[in-house]
Amino acid sequence: MGPVRTPPPTSLAAVEAAAMGLGEGLASRVGCLLPSGPGARLLQLPRGVADSPAGQAAVFKRDAEGWAEALAAAVGALRAGGLVAVPTDTLYGVACAARCSAAVGALYGLKGRCRTKPLAVCLGRVADVYRYCQVRVPRELLEDLLPGPVTLVMERSGELNKDLNPFTPLVGIRIPDHAFMRELAQTFSGPLALTSANISSQPSSLNVKEFQELWPQLSLVVDGGPIGDVRSPECRLGSTVVDLSVPGKYRVIRPGCALTQTAAILQKKYGLVPSEEPCS
C-alpha cells in the first residue's frame with residue numbers, strides 16, 4: 001500500500017460532536033453506549049492524484065475533508081460502543097473501545113474467538129504505553145520498535161478495563177505504523193482493543209472485501225486500500241508478538257512479519273536474551 005498523505009492538523013471536536021449529534025463539550029464525555037442501526041457504513045480514505053498545481057490543491061482539499069470525515073465517523077462509532085474495521089501497517093483489523101465491556105464482548109462474538117485468547121491494545125503514542133503498562137525496558141527500545149509491525153507484551157496496569165483479558169496480568173501493545181490508525185488512537189484519547197478482521201482460524205484480510213461477511217455486524221468500515229501483496233502468504237502473518245515482561249529477556253510469542261529486525265534490535269542493541277520459557 002502506498003503512503004497515505006496526512007492532511008494538516010484540524011480541530012475535530014466539533015466535527016466529532018456533529019457526527020454524534022452532540023455538543024462539543026458533551027462529546028468528550030460520552031461513555032459506552034449501544035450502537036444503533038443495522039450494517040456498516042463504508043468510508044474510503046483519500047487516495048487521489050492530480051498533475052496540475054490547481055488540481056493538486058483541489059485534491060489536497062478534498063483529501064483533507066475526506067480524512068476528517070473518516071476520522072470523525074470512526075471516533076463517533078467507537079464512542080458509541082461500535083466495532084470499526086480499520087487499516088493497519090500489517091493487516092485490516094477491527095477495533096473497539098477497550099473500556100467498553102459490551103463492545104469487547106461483541107468483538108469476541110464477531111470473530112467467534114475463544115474468550116481466553118487475549119486482545120491487543122492499540123495506542124497512539126509511545127508515552128501512552130506508560131499509563132497502561134509496567135514498562136521494564138528503556139524508552140529508547142520502545143521508540144525503536146513503535147510505531148511498527150510489532151506487538152509488545154508487558155505487565156498491564158490498573159488503568160485497563162478489568163473485563164479486558166481478565167485471565168492474564170499481561171497485555172499486548174500495538175502502535176501501528178499507519179497514519180490514520182495513529183491519529184484515530186490519539187483523537188479517541190483512550191485505549192482501543194484491536195484484533196484482525198477475520199473469523200478466528202480463517203485467513204487474515206489485506207483488503208476490505210476479504211472480510212465482507214463481517215460488515216453487517218460492524219458500525220463502520222474504513223477502507224484504506226489494499227495492504228501489501230495479496231498473493232504473498234508472508235503479508236498475512238500479522239505483527240511480530242514479543243513478550244518483554246521479564247527484565248533482560250524476550251520471548252517470541254508469534255514470529256509475524258518482522259521477527260528478524262525485531263530480534264536484532266532486542267539482542268544487538270539492548271542485550272536482551274531470548275527465552276523459551278513462559279514469561280508470565
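This is a predicted model: local features need pLDDT of at least 70, side-chain atom pairs count only at pLDDT 80 or more; totals for chains, interfaces and linings use all residues.
**Entry 1: overall**

Residue numbers run from 1 along each chain as its sequence is written, and side-chain values use heavy atoms, with hydrogens and water left out.

I then looked up the secondary structure and got 8 helices and 12 strands (DSSP runs numbered from the N terminus: H or I of at least four residues for helices, E of at least two for strands). Of the 280 residues in the protein, 50% are buried (under 20% relative accessible area; over 50% would be exposed, in between partly exposed; 1.4 Å probe, protein chains only). For contacts (heavy atoms within 4.5 Å) between residues at least 6 apart in sequence, I noted that 66% join residues at least 24 apart.

**Entry 2: cysteines**

How many disulfides does the structure hold? I found 0, with the criterion being two cysteine sulfur atoms within 2.5 Å. For C96, the closest cysteine sulfur sits in C100 at 7.0 Å, so that is too far for a bond. C96 is buried at 0% relative accessibility, and C122 is buried with 0% too.

**Entry 3: aromatic pairs**

I got 2 aromatic pairs (Phe, Tyr or six-membered Trp rings with centres within 6.5 Å; planes under 30 degrees apart are stacked, over 60 edge-to-face, the rest tilted). W67 and F180 are edge-to-face, because their ring planes meet at 75°, with the centres 5.7 Å apart. W67 is in helix α3 (residues 53-79) and F180 in helix α7 (residues 179-188), so this pair ties together parts 113 residues apart in sequence.

Y92 belongs to strand β3 (residues 92-97) and F211 to the loop between β8 (192-196) and β9 (220-223), so the pair links parts 119 residues apart in sequence. Y92 and F211 are buried as well.

**Entry 4: Y108**

Where does Y108 lie? I placed Y108 in helix α4 (residues 101-111), and it is buried at 5% relative accessibility. Leaving out residues up to four places away in sequence, Y108 touches several residues, among them R113, K117, N165 and F167. I also checked I199, 91 residues away along the chain: its C-alpha is 9.8 Å from that of Y108.
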